[in-house]
Every structure is written in structure tokens, then in C-alpha cells.
Amino acid sequence: MSSWRTASSQGIGSGGCQPSWIYHAIVLKSLPKPEFHSPDPAQFMSGVIVAATDTIPPNDRACIFGGVLAFGGDYRERLAPDVTHLVALDTTGETYALAERRIRRQNLLAAAAQVATAPLSSSTAPSSSLLQIVLPHYFDDCLRIRRRVREDLYRLPNPKLFSIDPFAPPVFEPAATHSAPSTAANAFFLEGQVLFVHPGVWATESDPDRTKQLKEQIVAAGGLLVDEFDGERVTGAVVPSRQCKEYYLAEKAGKYVGSMRWLVDTINSRQLSSPRRKALHYPQPEPLAEFQHFMICTTNYSSVARQDIMTMVVHLGGQFTKTMTPRNTHVICAKPVSEKYTRALEWDITVVNHLWLEDTYVSHRLQIPTRLHYLYFPASLCPIVGETSIAEKEVVRSIAFFEAVHAVGIVNEKSVAASTDDVESDPLVDGGEDAGGPGKTPRLKSAGEGGASGSGGRRKIGLVVAKLVYGGRRRFRRVRQKRWCGGKGGRSFSIRPCRGGECVDAGTAAYEYKNSAPLRGQHSRERGSESDAGPKHGNERAGIERSSRTM
């Protein structure tokens, strides 16, 4: 991912490619186009090369080819050697017979690789590059939910899609929960890796024996554990949240940065992968203010899938309930056939799939629940719970937010020196007690407490935080008050978003944001007291009340 980011920033079109590009280059004996093998998570069809049999109607074929091409894949008019997916409706035709012979040859090569005690991923093609014959329903579901689902339910000649009971709850058994067999090739999968595990991560483990076992497994796999973070020596860091100092240092140094879930899944699968590939493998974000009023439950999710959804809801600051009452605001549904789903429609409760929650989790922005891919419930929805990857722009946003909150590298040295005495200590950096606890924005002293010369630096920090957190899509207006949360005189400038006139947290002055759409004309600014006139046009209203059910 780091090489892809560097190449993209330099204007290189491909910006790196997936391992499937190497396999296709060997098969074709020529260099394929790198843009069809991009590691960009937004191009979820990257690496997919599709062809179709004669049983597919021309209009359906054009729709499938166009959708795959739009999201990073490619297509062939015939069954070329680099085709990964063949779309068919039945088992008839010359193209289908040719594809079956190729699949049998692939299975023989896989069996030979296992006899030689070499893993398939290192000696033959990646599993995503092997030819598979699927129904057109596969691409329909992928394009509707904007995710790449597993091919198990759609694979011919015996697709399981038509044998699924529509009223039975879906089954979710992720491969990461099972330990992979130890072989000579993957016994030392952590060889050369120096891992720093934050003390707060070990504190989350209630079982001391489990902690001791994890440490022994890391050492047995060839890894090395250190107690102090050293940017030159450490290759990976496991931190509890994105507001840790070690998180910032590791990301800036280009190291692996993951959560405890990533460490456990890496040990169980015996394979080192990027923590950004799954939402819960990356350190948890800060709670969202909008989620504080949400009560969320699930239906037709079970086992690990339900536990992952509950974890994301709690990390975002919401309340997860096992049962549903009229007080619930959202129901995350896997299949719209349960009693909870029926009651939710009667009680006017928002019903979405888990992709709404995952997109909110990875982007740290509340998503609109009425988008079509949040209201579609395919049979292959459960197996992809938690597989939403972290985009590069969200990592950059998290780093920028940390820099803004802790005043690292956002103002020049003169402004920082002038405002040093005005910023109180943060417990995550200096061990102070006045910042409001972990993950809170440091409280800035007022002009009455000290240093009138630091007001310019405070204003710069406030504007930078406002622009970085909300991406420039909000309009801000500074609200001044004569009293602040400390009870002393003077004025101070802290950053706190407000929801329609009601402040989210206790502070003195805020950059109150409103949607930019109704404020494209002129917008009012409050000065001093609230004696100013009302809004100058109908679209702008003061004190908009927003219900927790309306987003």
C-alpha cells in the first residue's frame, strides 16, 4: 500500500499492482495493463477478467462487461488464457467444455503442489486468478452492493444459490477463525518482524494465560517483541486506537499498524497481511457524535458476524441491543424475512445491511442509509462481514487529525512557540489530566489564564482542525461566549462541532458547522451576543432540530 501511495502521488497511472498481474504476465508472455490489477480498494473488481458463453443474451453481456470495466476489471470477447471468470447459465456449449478442461488442469497442478509440500500461493497462481465458472447473479450482486463477494454460491455446475432456504438464517464461518496447518514454508511467517504491542492492548486481555500464549506464538513464528517503540527497528505496531502517539509515529514511518484482532488473526492464519484489508484489523477510530443517540440491533446475523457488528457499534459510540424495542433507531439486517424486520417497518425504524455500518466505521463519517447498496440483501452478504478495507485517504485523514489535535506540524515554529504556554497537556503525550481523557481534544487556556500572544496560534489550530476533520465540506462560523467551561473570565477557542444549535461537548467557543448546500448564498455570523437578526433567506435556519432517526 505504501508503494501504491507513493506511485499515485507522483502521477504514475498504475501506482503499483496486485500479484495477479505477475501471473497474467507469465500466462500471456507479455505485460498486461497494470490499471486492471490496481490495489486501490475502490476498484473492487481489480484483477477480474470476465468472459461469457453464448447462452448469455447480448444486453446482459454488455451490462456485465461495463460494470466490471467501471470498477477496475476487464473483459474478453472469448475465453482467453487470462480469463478469471466465465459467465454461463448452464453447462452446455463449446466454451463451457473448454473452461472445464482448463479447471481440471488447474486442479492437477494444485494437487502436485501439495505433494511437493509447497503452498499453492507461492508456487502456482493466486486463487483469485484461477478460472471459475459462475452464474450472472454473481456480478449482479457484486455491482449492487459495490463489494466483491465469494463465488461459492454461484459456481457451476452445481450452484448453491438455488438450494438456499429463503427463510433460514445465513451461516457465517470465516476462515480466519480456524488455525492454518503448520508447514515448513509457513512455520516462520513472522521471521524478521519486530513487533511493538502497546501496553493498553495487553490490558484488554482478561486471561493472563492467553496473553502468555500469544507471546510464545509470536516468538515461535520467528517474530520479536519489544517494549519500546523504535521507528528504525520496529516493523509493526499493535495499538488500541488511532489517538495513540505510537500510531502516529508508526504510520508516518510506513510500518504495519494493526489492532489486537489483526495480531490474533495473523497468528491463526499463519500469514502476514496488511491490517488495512479489514475494518477491525485497523486501530479503532474515535466515537462519532451522531452515534451517541443510536440504538442498534441485528437480525439474521449470528456467530462472529454479530460480534463484529457489535464491536463496530461500540467503537463508534452507539448502543448495541440484543432485542428490539420502539426505542431502537436502526436494525442491521442480513435477510429481510425475520420478525424484527417486520416490526421495524411498522415502527418506522431504519433498516440497512452491515455495509452502512462498515462504511461509516472506515470513513469515520455518518453515511446516508437510503443509498441503494445499503438496502440490498443478497444471499452472499453474511460472509463478507468485516471485510471492508481501509482506504488510503482515510489513513491520511486520521494522521492529519492527530497532527491537528496535538499541534504537530500544522503551524510554523514561531506560532507553535507562541502558543505553547496556552495549550494544556494531553494524557496521550505528556501524561496530563486536563485534556478530558483519552481521545479528547486538548483544552486550550483562555486569554485570561495566560499568554495573550497565543491567540493567533489558537485560531490557526482551530481552523486547521475544522478543515481537516470535515474535509472542507462544511461551512463554519465562530461562536463567541463570555464564559467558558472553567468558570473564569476571558475567551478561549476550542474546536467542537454542534448539531443544529445544541453543542456536542462542553467548551467555550465552537466552529458550528452546517451543510454547505443550503448555505451557498450568504450565511450569517453571530458576534458577541445572540441579538442579531434571524436568517436572511429561507434555506438557512437557526437551531435546526435533527431527530436521531433522520440522517
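In which strand is histidine 330 found? Histidine 330 belongs to strand 11 (residues 330-333), where strands (E, at least two residues) and helices (H or I, at least four) are DSSP runs numbered from the N terminus.

The views show a predicted model, in which local features need pLDDT of at least 70 and side-chain atom pairs count only at pLDDT 80 or more, while totals for chains, interfaces and linings use all residues. Residues are numbered from 1 along each chain as its sequence is written, and side-chain values use heavy atoms, with hydrogens and water left out.

**View A. Histidine 330 and its polar contact with threonine 329.** Histidine 330 has 0% relative accessibility and counts as buried, the term for a relative accessible area under 20%, with exposed meaning over 50% and partly exposed in between (1.4 Å probe, protein chains only). The side chain of histidine 330 makes a polar contact of 2.9 Å with the side chain of threonine 329; such a contact is a pair of N or O atoms within 3.5 Å, of which, within protein, one must be able to donate a hydrogen and the other to accept it, and residues adjacent in sequence count only if both atoms are side-chain atoms.

**View B. Glycine 317 in the loop between helix 11 and strand 10.** Leaving aside residues up to four places away in sequence, glycine 317 touches Pro287, Phe291 and Gln292, contact meaning heavy atoms within 4.5 Å. Between glycine 317 and phenylalanine 291 the C-alpha to C-alpha separation is 5.4 Å, although they are 26 residues apart in sequence.

**View C. The open sheet with strand order 6-5-7-8.** Four strands form this sheet with parallel pairing, where two strands pair if DSSP finds at least two bridges between them. Its edge strands are strand 6 (224-226) and strand 8, each pairing on one side only. Helix 10 (residues 260-269) packs on the sheet and touches strand 5, strand 7 and strand 8, its direction making about 120° with that of strand 7; axes are lines fitted to C-alpha atoms, for helices over the stretch in contact, and angles run from 0 to 180 degrees between N-to-C directions. Strand 5 and strand 6 pair in the parallel sense over three bridges, and valine 194 stands opposite leucine 224 in strand 6.

**View D. Helix 9 and helix 14 packed at an angle of about 130°.** The axes of helix 9 and helix 14 are 10 Å apart, and the two helices are therefore oblique to each other, since angles under 35 degrees count as roughly parallel, over 145 as roughly antiparallel, 65 to 115 as roughly perpendicular and the rest as oblique. The contact is made by Lys245, Tyr247, Tyr248, Glu251 and Lys252 of helix 9 and by Val395, Ser398, Ile399, Phe402 and Glu403 of helix 14. Within helix 9 (residues 245-252), Glu246, Tyr247, Tyr248, Ala250 and Glu251 are buried, and what covers the buried residues of this helix includes strand 5 (194-197), strand 7 (236-238), strand 8 (256-258) and helix 14 (392-405). Just after helix 9, glycine 254 takes a positive phi of about 75°.
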